[in-house]
Each structure stands twice: as C-alpha cells, then as structure tokens.
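Biologist: Here is a model I would like to learn to read. Please take me through helix packing and pockets.

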Amino acid sequence: MADLQDEPHSVGVGAEDVPVTAPLMAGGSLDRAAALLAVHPVADGCNTLVWTLRQSPYHDIDTPDTGVDTDIPRLRAGGVGAQFWTLLVPPGPPRADSCAQAVCETLEQIDAARALMRRYSDSLCLALTADDMADARNRGRIASFLGPVPGSTLTGSLGALRAFHALGVRLLAPAGAPWAEEGLTAFGHEVVKEVNRLAMLLDLTGCPPAAACQLAAASKAPVIISNTGAASLNPHPDNVTDEVLLALRAAGGLAMVTFDTDRTGDSLHAVADHVEHVRALAGPEGVGLGAAFGAEPGSPRPTGLTDPSGYPRLIAELLERGWSETELALLTWGNAQRVLREAEFTARAAQYKAPPG
C-alpha cells in the first residue's frame, strides 16, 4: 500500500476539479491519457533549461515563450508534476584550470537553478525528498530536483559532494570522472558509499557499459539513467545497451527515455518503441521518461514530442498499445518516486550502521 502522503489530494497539473478516485475518462485515448496524467503526472528525468536561461536570461517561462521549448504553461499542459533540472555544463575546450572551472560552473548552475525556483515559486517548488515530490504535486506545484552535477568536480575529496548536497543537489553524474572511467577506483568506491549515505542518486547517463554495470552493482541504492534511448534499436553512443538495462533491473534501477531525434528516431511511434524495449529489459518498474527538453529552437525533436506539452500524446500511444493504467502510473510517476524513497531508506540504514563517533 502506498504511503498516505503519496496520494494526491487534488490534481495539480491542469485539471484541478477531477476527483482522485475518478476512473479514466471514457472516450479517445488522448482524453484517457489526460485523465491519467491528472492523477499520475510525469516525473521527467532531464531538462537543460537552467543552462539555456544562463545564456539567454531574457526568457520569461511563466508565459508561452517560443524562444525555448520549455515554459510553465507547456509543462502543465503536458502533465509534468516533477522535474529533474540538470546542472551539467556542455563540454568546451580543455583548460589548464579545468577542475576549478568545472566547480565554478557547477556552483553557477546551482545558483541559477535556485533563482529559477524563487522567481517562479507559484509553480516550481524545490524538492529534496520523495515526500517533497508528493507534497508539491498535492499543492499544485512542479517538484523541482537539482541535478545531476558532474562527478569530475570531485578530485580526491568528498567535501565538494557534501557541499553540493547541502545546496540541495540530489543527483551525481559519474560519466567522465577519473574515478569511474575505467572501473571504480578506491576513491570511486568511497564516492558511491557517500552518495548512498546522503540519499543522493547516481545518474549513469553517458557512462561506458562496463562502468555503468559496476556502478549499479556497487551502489546499495538504485541508480538511474536520466535520459537515454535503447542502443539495440539505435546504436547511438549515448544510448543504453541491453547489458546495462539488465544490470539496472537486477539493481532496481531506472532508465528514463529521451525525446531526441538522433537517439530515439523522428516520430512519436519510434520513441514509444524505445520505451517498450526499455520496459522489456529493465522491467515495468525500471522504465521512466527523461525527455531532455530545455533548449532554444534548433534541437531536432520527434514529431509530436517537440516540447513538454506532447506527453499526453505519448501516453495515448502507449494506451493504444495495450498498456494498463497501473503500468503507465509507474512509467510517469511511480518509478521515479520509488528510487527516491529507496535511496532515502538506504541512507537511513547506513546511518544506523555507522559506528559511534
């Protein structure tokens, strides 16, 4: 039985008058999708808007803004109830002080993200826990998680990790970090333990398959891949292999499917194929959605999924393919909340086991 705080008291994503106990609407699949998302909104695993707004700060996302693909009206129209705001910085030319620069850029990203929450506080709510996620939904706000931050900012000390956590960050991306590139180093194992102790999540997006499998096995809490496609359907280097999907299933992890023409094809139907493949390998509790919106015009997107308002169309497609309400509720909301809760449980267990001192 779900915790009482996980049950929505009212709908906060565009259909406030629908009672919690209402069944799916009769009618077409799009109407049924909208009814489902009113109760089980999307917890989206990746949005790059923070970086985009740092480069183009004149955008006002409280109103429809054609200059970016993400704004609050479209998030609400798409039934988005929780959003992971990535704090990764696009790669640039190497510099002699690259590590210090990475830390500085990450702090700037955190500051910009928190400023975004303050500016749009009527719609966005900083979330630190699974309870915060449920509470924001019940109050009609979009739960906003900060992260991931790059694992490369940790250079032999866990202090930066603890500082990021204190600032509200809840995800860490090991890809490209020297402690996780060719197998976990001794320091890498310490990072994983500390991430578990802090109830943060490891985001394995971009990790080589061998490293991803090792990280999934080393972590006591579930790991996620915040935005990906299935490599067996499209061998893009950033897509996840079947081997990793099976490792995620064994570890109780979560792979969140992106909406990217290069990685998942140019149609809504193709994206649905990736979602179904991930579910088949990672299991019904191992698949989620991480569109990776948040860009200015020009990023190629599948037809029908060009911005967050397209989520109901994807859910309608899956309904037509025979997905049940229970399966879709896991896809949109339940699986993301589960991994957060399990990370918190792992952290509490680690604290109980810690020696006195």
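This is a predicted model: local features need pLDDT of at least 70, side-chain atom pairs count only at pLDDT 80 or more; totals for chains, interfaces and linings use all residues.

Biologist: How are two packed helices described?

Modeller: By the angle between their axes and the distance between the axes. Here, α8 (residues 209-218) and α9 (residues 242-251) pack at about 5°, with axes 9 Å apart. That makes α8 roughly parallel to α9 (angles under 35 degrees). P209, A212, C213 and A216 of α8 meet E243, V244, A247 and A251 of α9 (contact means heavy atoms within 4.5 Å).

Biologist: At what angle do α1 and α12 cross?

Modeller: Roughly 115°, and the axes of α1 (residues 29-39) and α12 (residues 311-320) come within 8 Å. The two helices, α1 and α12, are therefore roughly perpendicular (65 to 115 degrees). The crossing of α1 and α12 is right-handed. Residues in that contact include L30 and L37 of α1 and I315 and L319 of α12.

Biologist: What shows where empty space is left?

Modeller: Rolling a probe the size of a water molecule over the atoms. The second largest pocket holds about 290 Å³ of space. Its lining has 12 residues, with K193, N196, K220, T346 and A350 nearest the centre. Helices α7 (186-197) and α13 (325-353) each give two or more residues to that lining.

How values were computed: Residues are numbered from 1 along each chain as its sequence is written. Side-chain values use heavy atoms; hydrogens and water are left out. Axes are lines fitted to C-alpha atoms, for helices over the stretch in contact, and angles run from 0 to 180 degrees between N-to-C directions. Helices (H or I, at least four residues) and strands (E, at least two) are DSSP runs, numbered from the N terminus. Angles under 35 degrees count as roughly parallel, over 145 as roughly antiparallel, 65 to 115 as roughly perpendicular and the rest as oblique. On a 1 Å grid over the protein atoms alone, a cavity is a set of points where a 1.4 Å probe fits but cannot get out, and a pocket is an open set with protein on both sides within 12 Å along at least five of seven lines; lining residues have an atom within 4 Å of a point. Grid points are joined across faces, edges and corners, and a volume is the space filled by probe spheres set on the points. A crossing is left-handed if the near helix is turned anticlockwise from the far one by less than a right angle, and right-handed if clockwise.
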